[in-house]
Amino acid sequence: MSQNGNTGKDGRKRVLVVGAGAAGMSTAYHLSNHPEKFDVTIIDSVDYCGGQAFSIPLDKERHGASWFNQGVQGGSYIFHHTLTMFARQGYHADPVKLQVSFGKADKFWTNVFPTDFIAKHQAEVRRLAFMLKFMRWFEVLFALLPLKVVFKLFLFSDEFTNVVGLPMTALFLGTGNATPEVPAIMLERLCTSPTYGMWYPADKNSVVSNLPPMVVFPNFTDFYTAWKKDLESRGVTVRLSTELTEVVHRNKRGVFVKTKPRTPVEDGHNPVGGDPDAIESEEHYDEIVLCVLADTAKKILGKTSSWRERRVLGSAKFSDDITITHNDSDYMKKYYENFYDEGKAVKTLGKNGDMDHSSRLAFAKDNFRPMYYIRMYDGDLSKLEMCFDTTNYQSQFPQKVPFEQHVFQTIYLNKGRDRKHWTDNEIDKDKIIRADWWHQLCHSWTHYVFVVPWMMFLQAKKRTRFAASWTLVNAHEIAIMSGIAAAVDMGADYPEDLEHDKFALLCFRLYYLLAYGKWYRRKFKDSKSQKAKDGASWALGLYGSVYQGPGVSTTERSVWREEVKAGRSTENLADGNNGRSQP
Ligand SMILES: Cc1cc2nc3c(=O)[nH]c(=O)nc-3n(C[C@H](O)[C@H](O)[C@H](O)COP(=O)(O)OP(=O)(O)OC[C@H]3O[C@@H](n4cnc5c(N)ncnc54)[C@H](O)[C@@H]3O)c2cc1C
């Protein structure tokens, strides 16, 4: 063993990164910036990199694009770490202004134009604006209270809570059917924070009236394949179809693990349990970074886990959800509002009916194209079904495609508890493109009491670190940041350009403080390098949250134009009637 406690013959620390999703790839990448210090191996049980983020082939002639991103669609301009990583691999996201459609018929409302439902609930709409202001003033008192309790405290009707409060929170945070339990601060910040509040500013007449500026992600399979090649060129050993079955020892001599090969299954994205007969082998490392879900990490640590690890990791709760990708436009028409309907729109709102919204109606008439839908089940309005119109949302699709050829992704949530509400069997089987199961984090308030604040007491103990989005919020950006944090904690540099991007640095510092209990001290403060100059120009606007850096284009659907040139997308598939089969 060398003097620094490392066992590698060349004195380098041998690090095993388990899981090649966003967090694992980010850990490996940032460690690989120091080949003299780290000998990095990354493994994943499936045969591709990207984890939850991947793309799927499509029939180009029918749908206008030859691929779509499954599940993981996009993010916000505050995703500085994700966007710079796209740029480092030669990819970019595209801007999109988000349009949503919540509820159906007399419960329909949207951020694009006011509807009857919003007019009917004007008193509660005003009360919501007051509640948000009040919560902002007394944030500490409300922070961790479950959303359902806060709505009750302010005497909202069940209908308003379920049709307005829950969906507008669930939408950005992917909190699904755990939304009644999420800490109220999440909704409050979504509406009151000028930096990451997607519904900022809230509208006291129509709840929300902005079209949140978002970014839509590039082809994830291509991006992660390029990233894998990059890692290999930097000396990282990438072993796919390799499962970590057990951590055998974690002691002074290092970490001893058992791995076994997995035969890739035909659809590698939905592996079915691995190979029971494959032969396990034992391997030895100096440090391990578990970039897998919390319950998997607990299982893998097995007998070597401490009481604290079992307690904290075991407190993260997950649900089993399924995304069905289809092009059943009749299902969509039955359960969602897809088109502008003059009969449901209202021109004026406000206490005296004197707030004129006719310009929003005029815009909606030709431009209402919902990208994200949420339906509340009639039997229990607090249980949600979520859906994307991928054609309207993702930027590789042509602008004009007949509605019947759109690609939809409907997400049925929480199989264990809410399966009875699902209407998945109503989707025409011939129109199903594919189905994918997910094991999703429940963002209940318990996660923020029993898991998040305790992570710092697990990190770097027994040669083990944890990185993954579940360590805070299920978002790609958190996964990327958590990987950087694990690498930095082991002695890697936080990237010099990002250190000069004041918003990225602030986000990283806060994450590192929360997850490791340490304040990141700058290494490149006085640097005058080109990287430092570049990074300093990326964060503009209030608190630096307006991103002007690389990795995102300025033109909507620029990917479509690139894909047409590459022969991977078609020109518009429809014309007239605004390119849609609108009734
Ligand atoms: C349906 C859906 C939609 C989403 N939409 C968005 C969105 O629009 N925007 C956004 O920002 N985020 C979104 N997210 C969240 C985002 O995708 C995730 O937060 C992020 O990709 C998670 O990355 P991760 O590295 O933490 O975990 P994962 O991607 O889950 O990676 C974990 C990896 O570990 C591997 N692994 C597990 N066990 C083992 C083992 N024993 N041995 C070896 N390898 C193992 C797995 O195969 C996997 O590849 C969405 C997620 C889902 C499911």
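Which residue in β12 is the bridge partner of T242? In β12, T242 is bridged to P261, and L244 has T259 as its bridge partner. Before going further, a word on the model. This is a predicted model, in which local features need pLDDT of at least 70 and side-chain atom pairs count only at pLDDT 80 or more, while totals for chains, interfaces and linings use all residues. Residues are numbered from 1 along each chain as its sequence is written.

**The sheets**

Helices (H or I, at least four residues) and strands (E, at least two) are DSSP runs, numbered from the N terminus; two strands pair if DSSP finds at least two bridges between them. With that in hand, β11 and strand β12 (residues 254-261) run antiparallel and are joined by eight bridges. The hairpin linking β11 to β12 goes through two residues. Together with β13, these strands make an open, antiparallel sheet of three, in the order β11-β12-β13. β11 and β13 (281-285) are at the edges with a single partner strand each, so one side of each has no neighbour in the sheet. From one strand to the next, the twist averages 30°.

The other sheet to look at is open too, with seven strands in the order β8-β7-β18-β19-β20-β15-β21 and mixed pairing. Its edge strands are β8 (109-110) and β21, each pairing on one side only. Inside it, strand β18 (residues 372-377) and strand β19 (residues 380-389) are antiparallel partners over six bridges, and Y372 has F388 in β19 as its bridge partner. Helix α8 (residues 158-173) lies across β7 (100-102), β18 and β19, at about 35° to β19.

| Strand pair | Sense | Bridges |
|---|---|---|
| β11 and β12 | antiparallel | eight bridges |
| β18 and β19 | antiparallel | six bridges |

**Two domains**

The chain is divided into domain 1 (13-58 + 219-317 + 445-532) and domain 2 (66-217 + 318-441), with bounds from an automatic or database domain assignment. Their C-alpha centres lie 30 Å apart. Each domain puts 35 residues into the contact, where two residues count as in contact if their C-beta atoms, placed from the backbone, lie within 7 Å. On the domain 1 side, β3 (54-57), α10 (220-233), α17 (445-450), α18 and α20 (502-516) each supply at least two residues. That side has 23 nonpolar, seven polar and five charged residues. For these classes, Ala, Val, Leu, Ile, Met, Phe, Trp, Tyr, Cys and Pro count as nonpolar, Asp, Glu, Lys and Arg as charged, and the others, Gly among them, as polar.

**Around the ligand**

Where does the ligand sit relative to the domains? It lies between domain 1 and domain 2, because both give residues to the shell around it. Of the 36 residues around the ligand, G19, G21, G51, G71 and S469 come nearest; a residue is near a molecule if its C-beta atom, placed from the backbone, lies within 6 Å of it. Elements giving two or more residues to the shell include α1, β11, β21 and α18. By class, the shell has 16 nonpolar, 17 polar and three charged residues.

Helices α1 and α18 also meet each other. The axes of helix α1 (residues 22-31) and helix α18 (residues 476-490) come within 7 Å and cross at roughly 35°. Residues in this contact include G24 and H30 of α1, and G483 and M490 of α18. They divide into ten nonpolar, seven polar and no charged. Axes here are lines fitted to C-alpha atoms, for helices over the stretch in contact, and angles run from 0 to 180 degrees between N-to-C directions.
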